[in-house]
Amino acid sequence: MSENNFTATTTVDATPAEAFAAINNVRGWWNETIEGTTGVVGDSYRFEVPGAHRCTMTTTESIPGERLVWHVTDTYISFIADTAEWENTDVVFDIAERDGGTEIRFTHVGLRPADECYEVCANAWGAYITKSLHGLITTGTGDPFRTDSTFETEVLKHGNADLVKPRP
């Protein structure tokens, strides 16, 4: 994978199998309102922050305890000019034992530094992986987009208030 993709890494005191199970619990670390399933090749779910961002993730590779890949389609990001910027990108989780723990290397293949959404998306992905997913694995509690959250609360939570400009 190229360095032109967004990558975040976290290490947890858990087994690769536990990390894999937590990643597939997308409601526990990314978004409580997700509709659909994950984990098995062909599974699909829809992520949405109403009026701001949506996408469909389809599992294209699933090796328990080692790797999970979601292909992104049906994308819409309201606050950038190319509202389909994530279309046909891939979200990859590589899982490996490291120094008595488990390393999760997250890569959004196709989310490039030159993209309009890069900084906002990198801030959000970074927090969801290194804080929310990490917390779900290590404490049992993540910090996903909640059913009572709004786009504005998420923008503030991830430090993106100055980066997101409303589209005319």
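This section describes the fold, the cysteines, the helices and selected residues of a predicted model.

The chain contains 4 helices and 7 strands. Their order along the sequence is β-α-α-β-β-β-β-β-β-α-α. The C-alpha trace spans about 50 × 30 × 30 Å along its principal axes. The radius of gyration is 15 Å. A compact globule of 168 residues would have a value near 15 Å, so the chain agrees with that expectation. Of the 168 residues, 49% count as buried. The accessible surface comes to about 7900 Å². Carbon and sulfur atoms account for 49% of that surface. Contacts across the sequence were also examined. Among those between residues at least 6 apart, 54% join residues at least 24 apart.

A search of the whole structure finds 1 disulfide. This link joins Cys117 and Cys121, with their sulfur atoms 1.8 Å apart. The angle about the S-S bond is 50°, and the link is right-handed. Both Cys117 and Cys121 are buried. Cys55, by contrast, is in no disulfide. The nearest cysteine sulfur to Cys55 belongs to Cys121 and lies 9.8 Å away. Cys55 counts as buried because its relative accessibility is 0%.

Helix α1 covers residues 16-24. Its buried residues are Pro16, Ala19, Phe20, Ala22, Ile23 and Asn24. An α-helix has 3.6 residues a turn, so residues three or four places apart point the same way.

Ile104 lies in strand β7, which covers residues 101-109. Ile104 has 0% relative accessibility and therefore counts as buried. Its contacts, leaving aside neighbours within four places in sequence, reach several parts of the chain. Ala8, Thr9, Thr10 and Val12 are among them. Ile104 also contacts Ala19 and Ile23, both buried residues of α1. Further contacts of Ile104 are Phe93, Asp94, Leu133 and Ile137. Ile104 and Leu133 are 29 residues apart along the chain. Their C-alpha atoms are separated by 9.8 Å.

Gly126 counts as buried because its relative accessibility is 15%, under the 20% cut-off. Not counting residues up to four places away in sequence, Gly126 touches Phe6 and Lys131. Gly126 and Thr7 are 119 residues apart in sequence. In space, the C-alpha atoms of Gly126 and Thr7 are 8.2 Å apart. Just after α3, Gly140 takes a positive phi of about 90°.

Most residues other than glycine have a negative phi. Asp74 has a positive phi near 50°. Asp74 is placed in strand β5. With 31% relative accessibility, Asp74 counts as partly exposed. Asn88 has a positive phi of about 60° and is likewise not a glycine. Asn88 lies in the loop between β5 and β6.

Another loop residue is Asp115, between β7 and α3. Asp115 is buried, because its relative accessible area is 12%. Leaving aside neighbours within four places in sequence, Asp115 is in contact with Glu85 and Gly110.

Note on methods
Residues are numbered from 1 along each chain as its sequence is written. This is a predicted model: local features need pLDDT of at least 70, side-chain atom pairs count only at pLDDT 80 or more; totals for chains, interfaces and linings use all residues. Side-chain values use heavy atoms; hydrogens and water are left out. Helices (H or I, at least four residues) and strands (E, at least two) are DSSP runs, numbered from the N terminus. The radius of gyration is taken over C-alpha atoms; the globule rule is 2.2 Å times the number of residues to the power 0.38. Buried means under 20% relative accessible area, exposed over 50%, partly exposed in between (1.4 Å probe, protein chains only). Contact means heavy atoms within 4.5 Å. Accessible areas come from the Shrake-Rupley method with a 1.4 Å probe; for residues, only the protein chains shown count as cover. A disulfide is a pair of cysteine sulfur atoms within 2.5 Å.
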